[in-house]
Amino acid sequence: IYPIYRDQMYNYLVVFCLVVVATCTSEGAPSLSDILKSIYDENPTYDPSQAVSAFVVNSTDILFQGHAGIAKKTGRVPMTPETRFIINSISKTISSVTALKAFHEYLHPKGYTLHSDLLDTLPFKIDAPGITSVSLYQLLHHTSGIVDNWAILNKLYTHGHDSPISLKQYAEGYLQHGGKYYSKNNFGKPDTFSYSSATYGILGYMVERWTGKDFKEYCQEKILSPLGISPSGTTLGGGWKLSSIPKHTPTAVPNGTEPLFGYPDYPSGLFVGTGKAIAVIAQAFLNKMVTLEGKPLIDRHLAEKMVEIDSLGATTAHTMGFFIKSSPWWGDRLLLGHDGMDTGLSGELYWVPSERCPYSVVVLTNHAWPKNRDDPGLPNRLAKVLFNYFTPIASDNPKECYFGGQPEQSPPEENPRSR
């Protein structure tokens with residue numbers, strides 16, 4: 001999560017002129033426009049023109065979907081089901097699955113385990129005080145000792161285009177003494193949780209080393225294509241970096257007015273996709289990394305490890321790729337997933353890992369969380385409403401699953417795999 005905050009100019013004169021399209025819900029569920037109106041009435045500092053894409057899915061169907069607001073204020077470009085969002089650190093969930101796939105295909109046959117040292121897979125020695133080995137388990141748990149040095153990372157942002165720095169150049173520069181982006185502050189104490197976006201740039205480069213393929217191309221082939229997601233897709237459009245966005249494709253810009261951005265460690269946050277594409281990815285998570293057609297994306301053992309709570313004794317609220325949330329705010333539910341936030345963009349992807357009635361909520365917006373850190377922000381507020389409504393209702397029949405007092409309904413407009 002990139003903690004860069006800018007002064008935000010909110011359009012307070014908008015008189016709730018939301019453009020709401022393609023809203024489709026289970027019977028009896030509130031509409032997105034009704035939910036947003038209630039949230040904006042209670043939080044008048046929120047910009048009611050901000051772009052919003054929201055989905056609720058279970059393991060087979062879309063239960064709720066809605067799109068609202070303005071993707072780009074210049075020209076008053078409205079939200080559509082084809083509008084794409086930079087999903088920021090939610091991208092790390094996709095990168096984690098990609099790394100585990102590459103690990104199982106290329107390193108596991110050579111005898112590597114999740115706890116094996118991976119530094120010998122790099123073509124250079126790292127100069128990191130106190131770090132003698134780095135495992136995939138540590139990288140995905142944010143306990144490798146490679147940390148975010150924002151004094152360096154902030155300077156690597158580009159605006160309006162992708163970074164020209166390759167993953168190889170980034171990794172060499174960040175880890176090697178004398179490297180262009182090197183500092184002793186790039187490292188902390190190993191086996192201690194320190195959330196790290198920088199780590200995912202290193203991990204992306206490792207995937208390229210192991211596979212001999214470009215990270216984004218390997219991810220497309222092994223993870224995204226089996227889910228029906230592609231850069232050229234419409235409602236299932238998505239890909240890595242700004243260059244994946246086809247010309248004239250609607251894209252939600254930060255705060256509705258600011259340019260899109262890039263950075264070299266793009267596996268940490270630069271997946272760009274439609275709300276529906278992210279919802280289909282959420283369904284794969286619900287199905288333990290298996291597509292709706294029954295094709296496993298990664299090894300079943302590794303899929304189970306991804307949602308296993310830390311077994312090394314570290315007191316972190318993180319699995320191998322997902323955060324763990326549980327608090328009164330969320331109704332004391334146990335949630336797995338990830339949030340994402342950067343300049344003028346924020347979102348949530350979390351699910352209830354129930355064996356009988358799993359379901360996930362996805363919310364994407366083109367505004368950052370409020371500067372008041374006590375304010376949970378629109379994505380959290382909207383996600384909470386959706387989690388509360390779609391809480392499963394107990395049933396005597398274990399094959400049935402009811403939400404919000406209503407039987408599940410498949411949406412009449414489209415199923416989650418249509419294109």
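Mentor: Welcome! Residues are numbered from 1 along each chain as its sequence is written. In this predicted model, local features need pLDDT of at least 70, side-chain atom pairs count only at pLDDT 80 or more, and totals for chains, interfaces and linings use all residues.

Trainee: What is the mean pLDDT of the protein chain?

Mentor: The mean is 86, and 85% of the residues reach 70 or more, where pLDDT is the predictor's confidence in each residue, from 0 to 100.

Trainee: Where does pLDDT stay under 50?

Mentor: Over residues 1–23, for which the model has 78 contacts beyond four places in sequence (contact means heavy atoms within 4.5 Å). Residues 405–419 are also below 50. Where pLDDT is low, the predicted coordinates should not be read in detail.

Trainee: Which residues of helix 1 are called buried?

Mentor: In helix 1 (residues 32–42), they are Leu-32, Ile-35, Leu-36, Ile-39 and Tyr-40. Buried means under 20% relative accessible area, exposed over 50%, partly exposed in between (1.4 Å probe, protein chains only).

Trainee: Why do you say that the buried residues line one face of the helix?

Mentor: Seen down the axis, they fall within an arc of 125°, so they line one face; the arc is that of the directions from the helix axis to the C-beta atoms. On the other side, Asp-34, Asp-41 and Glu-42 are exposed.

Trainee: What makes strand 6 and strand 8 edge strands?

Mentor: The open sheet has the order 6-10-8, with antiparallel pairing. Strand 6 (84–86) and strand 8 (238–240) each have a single partner strand, so one side of each lacks a neighbour in the sheet.

Trainee: How many bridges join strand 8 to strand 10?

Mentor: There are 3, and two strands pair if DSSP finds at least two bridges between them, so these strands count as paired. Gly-238 stands opposite Gly-273 in strand 10.

Key. Side-chain values use heavy atoms; hydrogens and water are left out. Helices (H or I, at least four residues) and strands (E, at least two) are DSSP runs, numbered from the N terminus.
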